Amino acid sequence: MKAIFGSLVIGLMLALPLSAHAGNVTVKGSDTMVILGQRWAEEFMKKTPATKVQVTGGGSGVGLAALQNGTTEIAMSSREIKDAEKQKLRARYNTTGVEIPVAKDGVTFYVNESNPVTALTVEQLKGVYVGDITNWKQLGGPDAPIIIYSRENSSGTYVFVKDHVLDGDDYAASAQTLPGTAAVVNAVAKEKNSIGYGGSAYAKNIKELKIKKGNEDIAPSAENIKTGKYPLSRDLYFYLRNKPSGDAKTFIDFALSPEGQAVVTKVGYFPVK
Amino acid sequence: MDRQAIMEQGLTQPLVAPLLSPAARRRQLREKVIAGFITLMAFTGIAALILIIIFVAKEALALFTEPEARHEASLSKMFLAQDVAPGRPPFRWQPVSKIPKVSMIPLFVGTLKTTAVSMLVAVPLGVFGALFAAEFAPRRLRELLKPVIELLAGIPSVVLGFFALMVMSTVVKEALGFDRPLNAMLAGLGLALAIVPVIFTVSEDALTSVPRSYREASLALGATPWETAWKVVLPAAAPGILAACVLGFGRAIGETMIVLMASGNADVISWSLGDSARSLSATIAAEMGEVVVGSPHYSLLFFIGVQLFIFTFVLNLIASTWTRRVVRKLTGGAT
Amino acid sequence: MKHGTRRAVGLALTSLTGLAAFIIIAMLGIILFNVVENGAGGVTWTFLSKPPEDGMMGGGIFPAIFGTAALTLLMTVAVMPVGVLTAVYLHEYAPPNSLFARFVRVAVVNLAGVPSIVFGLFGLGFFILFVGQGMDRALGHEEMYWAQPGILWASLTLAVLTLPVVIVSTEEALRAVPMDHRTASLALGATQSQTLGRVVLPGALPGILTGAVLAISRGAGEVAPILFTGAAYFLPDLPTHLNSQFMHLGYHTYVMATQSPDVEATRPLLYSTVLVLLLLTFALNLVAVIIRTRTRRKAAGSH
């Protein structure tokens, strides 16, 4: 009895690997883009149920690492690929990768709805996030310590803010790292003296800061991001090792089609064109 | 006399093995094969431990062999103060950066903070609770406590982390007036929930193995039940209780999910419990997905794994030596 | 000290211990109450049988339940033979002062103390990168087929993690089988392996089952070892191949609690998922307890 059961199980285990794989696209990476990726996958699979699209998050770094490790076909990234990563790709796969912008986004800094501060300059934001400015009263707000929320270093948004706001400097040690933009939004919504950052699509129950540039307060609105007037506008990318082909190409074509770009707007980002 | 002579005679002659039938010989062979196979299976326990040591250390080895890794993450960078830029703290963990900062010190501090809080909460609860169960509780209550502890032990750590994050964070923040909802205190409390069952169970075992004669003698000499419990039973079970604490400590150091969800994960060096902390295990869990296999960051995370392994190994060694001492004291040495 | 003071101090200290016990019970009660209160409403048949929809804000968690079940099944198949036979060696075959047996015991105790995240690293470094890459090379796969996270490697990693649980429970079960049974069998002419197979193991079966159930309960709840050996958050398919990724109740809880796009909207789903996970682990633990008490009662009764 036990022997029959045992051999059945072993037989099953040996038979499975020999069975073929159906059409499958793996998409991995940016947490900023993961809801977008999932929505695309849902809509795409409704149209072509034979092809399965698998979307996982983890951060842009995770996606690009997976691209280099070979465990994903498409990497979602909210930042540009780094030189070191391009070199590793070339060393292993003899390619520097293919970059496809699929949507536009504006990195927004959020504060709690009760916070009187409405706009800050990029320098002030830098000061806060490297730890030089520690109290809201230094920014024209109430006398309270600034609670900083940040992302883990696997996040493309983390890297983007580091490069474009912090000028390469390090985040303050006291910055609490949260694993996703949604967690940041949630934390800022609950904590009245906090500040956080993330993609504009997530902003709910919190106040988005305008960026003060010269005399103007530029809001992260659709217009300003599309035209690039908002200083922290960025492209969201798909990265592949080689030019897309097969199922991956069909999926990407869908994402860039008017239907796909409508999904982008629905999720809260901005179309790439 | 005669019999002895015959026996001695028999012993001086070489003994001839009895002849076996082929069937018996086959049976003996089969027995030997089965015994050999089972012995081989037993080897897997040792093999697993050795393989863990080898393969975790192997991936960390690149830190010491590859030049790029050695430059980026040398031992001095990990443990000594770094002078990165004027006005910037000397110990930072920011491995993803133009100049990677890989100091282990904030991680050690973070791990110690959360573990210390958890021990300060769990040891009194666990040991006193065990004392109650072993000495003072009526039988009905004792029968209730055992399944309660087992249920608590059965809760997956991700659920405890979830509970700390969703429910306890606001309560702790309001009650203790902290600035941040996710901090070392919260992570420590969550960890305490995880290690109380360990400390309770092992302490209770130690207390109940104290021979009844100890208690009876103490009571006969006029001590009250509580005096007996505190001054006779507890000291007798002390090595076992200490071992329980060491086991709990080891569990707390290695625990990942609770700290990952509740500590805020900031690489701060501060002694305030209201500040966030970043522990060794949570760092591995949070950053492992991002690394490229073979990069210095990757080897660094495996190196943290090696350190965690060594810490828990040493703690387990201490715990087992202490338990052996209890057993010896209570059975061999007791007169 | 006056007797009155002694009694007062005694009462005070005893109540302190009672308070400690009370706090422990209260904490468990609070956790359970909170989860049931917020999650019970959502645990419907649809929830248990449908896949997630609407960006994880609707639908159900069937793939996570399936993934957890498949994972633990594979893990059990891997760990039971090895664990039981190791315990059999330690209890039935090992010579009394065997150094090898001592080493095995030391190894098992230490294995039990290894942090779960280190198991995850082991799964990555050994199973995926070493065994997986070796298999790919041997089978001639150009693309990574075995050398990536998948349900096989995750279950083997968990098998190593739960090995001590199985070994300890089985040894306890073997110890409970009276020596007379063995000696009687041997006296009747059975060999050691025959005694093992027809007398000892059947007698120890309840304890062995307890070990299996405890291992399953542990395996279903651990998240750290599967973080980078195969768990995923949104998969369109159920895991059908040994190298598929899989959804998992515990991993799902973690991601939903920390990274969900709309925390308020996913809150009910999150609580319901936690409730299902808790019910699963508790049910398994309950089964183990029942088996254990039944065996103890039978053993006490037969003597």
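I took two strands to pair if DSSP finds at least two bridges between them, and I took helices (H or I, at least four residues) and strands (E, at least two) as DSSP runs numbered from the N terminus. The model I looked at is predicted, so local features need pLDDT of at least 70 and side-chain atom pairs count only at pLDDT 80 or more, while totals for chains, interfaces and linings use all residues.

**Entry 1: chain A overall**

I looked up the make-up of chain A and found 10 helices and 12 strands, with C-alpha atoms that fill a box of roughly 75 × 45 × 40 Å along the principal axes. For burial I used relative accessible area, where buried means under 20%, exposed means over 50% and partly exposed lies in between (1.4 Å probe, protein chains only). By that rule 57% of the 273 residues of chain A count as buried.

Strand β2 (residues 52–56) of chain A is mostly covered, since 4 of its 5 residues are buried.

Strand β8 (residues 194–199) of chain A is also mostly covered, with 6 of its 6 residues buried. I noted two partners for β8(A): strand β4 (residues 98–111) of chain A pairs with it in the antiparallel sense over 5 bridges, and strand β6 (residues 147–151) of chain A runs parallel to it, joined by 2 bridges.

**Entry 2: the open sheet of chain A**

I then followed an open sheet of 3 strands in chain A, with the order β5-β10-β11 and mixed pairing. Its edge strands are β5 (119–120) and β11 (216–218), each of which pairs on one side only. Strand β10 (residues 210–213) of chain A runs antiparallel to β11(A), with 3 bridges between them, and A:K213 has A:E216 as its bridge partner there.

In strand β10 of chain A I also looked up A:K212, which counts as partly exposed at 36% relative accessibility. A:K212 and A:Q124 are 88 residues apart in sequence, and their C-alpha atoms are 9.6 Å apart in space.

**Entry 3: salt bridges**

Side chains of opposite charge can pair when their charged atoms come close. I counted a salt bridge where a side-chain nitrogen of Lys or Arg is within 4 Å of a carboxyl oxygen of Asp or Glu, and the count over all chains comes to 23.

A:K229 and A:E216 form one of these salt bridges, their closest N and O atoms being 3.0 Å apart. This pair links distant parts of the chain, with A:K229 in the loop between α8 (222–227) and β12 (233–240) of chain A and A:E216 in strand β11 of chain A, 13 residues apart. A:K229 is partly exposed at 40% relative accessible area, and A:E216 is partly exposed at 41%.

B:K173 and A:E191 form another, with the closest N and O atoms 3.3 Å apart. B:K173 lies in helix α7 (residues 157–176) of chain B and A:E191 in the loop between α7 (181–190) and β8 of chain A, so the pair joins two chains. I found B:K173 buried at 17% relative accessible area and A:E191 buried at 6%.

The side chains of A:K137 and A:D143 also meet in a salt bridge (3.5 Å, N to O), and A:D143 counts as exposed at 58% relative accessibility.

**Entry 4: a positive patch**

Last, I looked up a positive surface patch formed by B:R324, B:R325, B:R328, B:K329 and C:R102. Patch residues have over 30% relative accessible area and no salt bridge, with like charges joined within 9 Å and nonpolar side chains (Val, Leu, Ile, Met, Phe, Trp, Tyr) within 5 Å. Helix α13 (residues 296–333) of chain B gives the largest share of this patch, 4 residues. C:R102 is found in helix α4 (residues 99–113) of chain C and is exposed, with a relative accessible area of 55%.

Notes. Residues numbered from 1 in each chain as written. Chains lettered and ligands numbered in written order. Heavy atoms only, no water. Areas by Shrake-Rupley, 256 points an atom, 1.4 Å probe, with all protein chains shown as cover. Lys, Arg positive; Asp, Glu negative; His and termini not counted. Charge placed at Lys NZ, Arg CZ, Asp CG, Glu CD.
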